[in-house]
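Let's take a friendly tour of a protein model. Have the sequence and the 3D view open as you read.

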Amino acid sequence: MRVTYDIHFHRASPTGDDTGPAIPDDPDPEPRPLDLTDEQRAAWHRLARRAAREIGAVTCEEYLYDLTMLHDGPAGHLQLDYSGDFASLHIAYHYRGQEARPIMAEAYRLGRLVEEELGLEGHDHEVGQPVRTGDPDVAAARLGGVSDWAQTNLT
């Protein structure tokens with residue numbers, strides 16, 4: 001089982017609350033099959049083109065329950081899963097200490113593209129900050145610290 005640092009995106013609330021919905025303790029055991037509108041698919045394709053231009057090569061796959069975008073670059077590996085009203089960006093707890101800074105800079109850059117192109121609002125629950133105004137260095141410190149601890153104590 002791979003444990004990841006996750007950043008979640010959801011439809012913006014009409015109240016402007018940027019903390020995002022609570023992450024369910026027990027996710028739905030049977031996810032619904034992917035059913036995107038034409039507009040959602042067009043937004044996904046715009047995001048993929050823009051991500052390729054701005055952060056580097058991406059690979060996109062369609063699965064029964066979501067669309068997935070993978071990015072492998074010099075900074076590391078990112079995975080974005082999208083199901084229409086919700087998306088999650090995953091970064092493996094692999095990047096120790098200062099090694100986490102470049103991958104989190106890319107993650108936040110991709111996260112801001114998700115907000116702009118998909119119309120979703122991102123929140124990094126790991127450090128309690130919105131993606132739009134959040135500091136990638138704060139997230140990198142968390143990722144790097146947890147990764148360092150895990151690799152020192154669990155391997």
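Are Trp 44 and Tyr 82 buried or exposed? Both are buried. Keep in mind that this is a predicted model.

## A stacked pair of rings

A pair of aromatic rings is described by the distance of the centres and the angle of the planes. For Trp 44 and Tyr 82, the centres are 5.5 Å apart and the angle is 0 degrees, so with planes under 30 degrees apart counting as stacked, this pair is stacked. The model has two aromatic pairs in total.

What does this pair link? It brings together distant parts of the chain: Trp 44 sits in helix α1 and Tyr 82 in strand β4, 38 residues apart.

In soluble globular proteins, nonpolar side chains tend to be buried together. Here, the largest nonpolar core has 36 residues, and Ile 91 and Met 104 have the most contacts inside it. Elements giving two or more residues to this core include β1 (4-11), α1 (38-54) and α3 (136-153). The biggest giver is α2, with nine residues.

Now zoom in on Met 104. Leaving out residues up to four places away in sequence, Met 104 touches Tyr 5, Ile 7, Ile 91, Asp 124, Pro 136, Ala 139, Ala 140 and Leu 143.

Next, look for Asp 66, in the loop between β2 (58-62) and β3 (67-73). Its side chain makes a polar contact of 3.4 Å with the side chain of Thr 68.

Key:
Residues are numbered from 1 along each chain as its sequence is written. This is a predicted model: local features need pLDDT of at least 70, side-chain atom pairs count only at pLDDT 80 or more; totals for chains, interfaces and linings use all residues. Side-chain values use heavy atoms; hydrogens and water are left out. Helices (H or I, at least four residues) and strands (E, at least two) are DSSP runs, numbered from the N terminus. A polar contact is a pair of N or O atoms within 3.5 Å; within protein, one must be able to donate a hydrogen and the other to accept it, and residues adjacent in sequence count only if both atoms are side-chain atoms. A nonpolar core is a set of buried Ala, Val, Leu, Ile, Met, Phe, Trp, Tyr and Cys residues joined through side-chain atoms within 4.5 Å. Buried means under 20% relative accessible area, exposed over 50%, partly exposed in between (1.4 Å probe, protein chains only). Contact means heavy atoms within 4.5 Å. Rings of Phe, Tyr and Trp (its six-membered ring) pair if their centres lie within 6.5 Å; planes under 30 degrees apart count as stacked, over 60 as edge-to-face and the rest as tilted.
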